[in-house]
Amino acid sequence: MQLAVCPGSFDPLHNGHVEIVARASNLFDEVIVAISPNMHKNPMFSVQERMDMARETFSYVRGVSVKPLGSGLLTEFCKEVGANALVKGLRDPKDLAYESPMATMNRHLSGLETVFLAADGRYTHLSSTLVKEVHSLGGDVSEFVPRAVQRRLHERRRS
Ligand code: ADP
């Protein structure tokens with residue numbers, strides 16, 4: 001069985017992430033969306049809230065599950081769950097420059113391969129940071145995020 005891990009902070013999940021996970025699920029028997037605590041940024045949503053939104057979003061996609069990543073090494077997490085590969089989305093050369101040393105390090109640490117999927121042209125401008133920024137300034141981001149995230153953002157605005 002081929003198992004992939006899609007790691008990230010997903011704070012919050014947006015349609016660029018959803019598309020990468022859906023494509024990964026066509027390539028692998030199982031995909032785990034692994035949600036990191038995002039300790040360096042100041043997260044908008046707790047890990048539990050991000051997991052709830054991701055679980056609701058991917059409940060319709062066969063073979064996809066959602067787990068918290070914890071604060072340890074990603075390669076250890078992958079060993080524990082028995083993953084064959086990491087899957088990452090690449091928007092632009094900056095993503096590639098950031099991701100390739102990590103991919104090489106992970107391969108040296110544990111032999112784990114990273115599969116890069118080119119972001120779909122419809123989503124190359126999307127990042128969680130931009131979604132949060134537009135939302136915080138009163139903009140409508142509903143076309144960029146799945147329904148479960150739309151609802152949470154709406155609740156945040158009202159509270
Ligand atoms: P962000 O950069 O949006 O804060 P995350 O840390 O949550 O992203 O990213 C998780 C994974 O999703 C990474 O592999 C990242 O490259 C990928 N990703 C982020 N945004 C997009 C996008 N718009 N299209 C495709 N992949 C993306």
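Here we set values against definitions.

Tutor: This is a predicted model, where local features need pLDDT of at least 70, side-chain atom pairs count only at pLDDT 80 or more, and totals for chains, interfaces and linings use all residues. Residues are numbered from 1 along each chain as its sequence is written, and side-chain values use heavy atoms, leaving out hydrogens and water.

Student: What makes residues 15-27 helix α1?

Tutor: Helices are DSSP runs of H or I with at least four residues, numbered from the N terminus. α1 has 13 residues. Its C-alpha span is 19 Å, close to the 18 Å expected. That expectation is 1.5 Å times one less than the number of residues.

Student: Which residues of α1 are called buried?

Tutor: N15, G16, E19, I20, V21, A24 and S25. Buried means under 20% relative accessible area (1.4 Å probe, protein chains only).

Student: What is meant by the largest nonpolar core?

Tutor: A nonpolar core is a set of buried Ala, Val, Leu, Ile, Met, Phe, Trp, Tyr and Cys residues joined through side-chain atoms within 4.5 Å. The largest has 29 residues. V21 and V31 are among those with the most contacts inside it. Its largest share, 4 residues, comes from α2.

Definitions and conventions. Helix = DSSP H or I, 4+ residues; strand = E, 2+ residues; numbered from the N terminus. Buried < 20%, exposed > 50% of the residue type's maximum accessible area, 1.4 Å probe, protein only.
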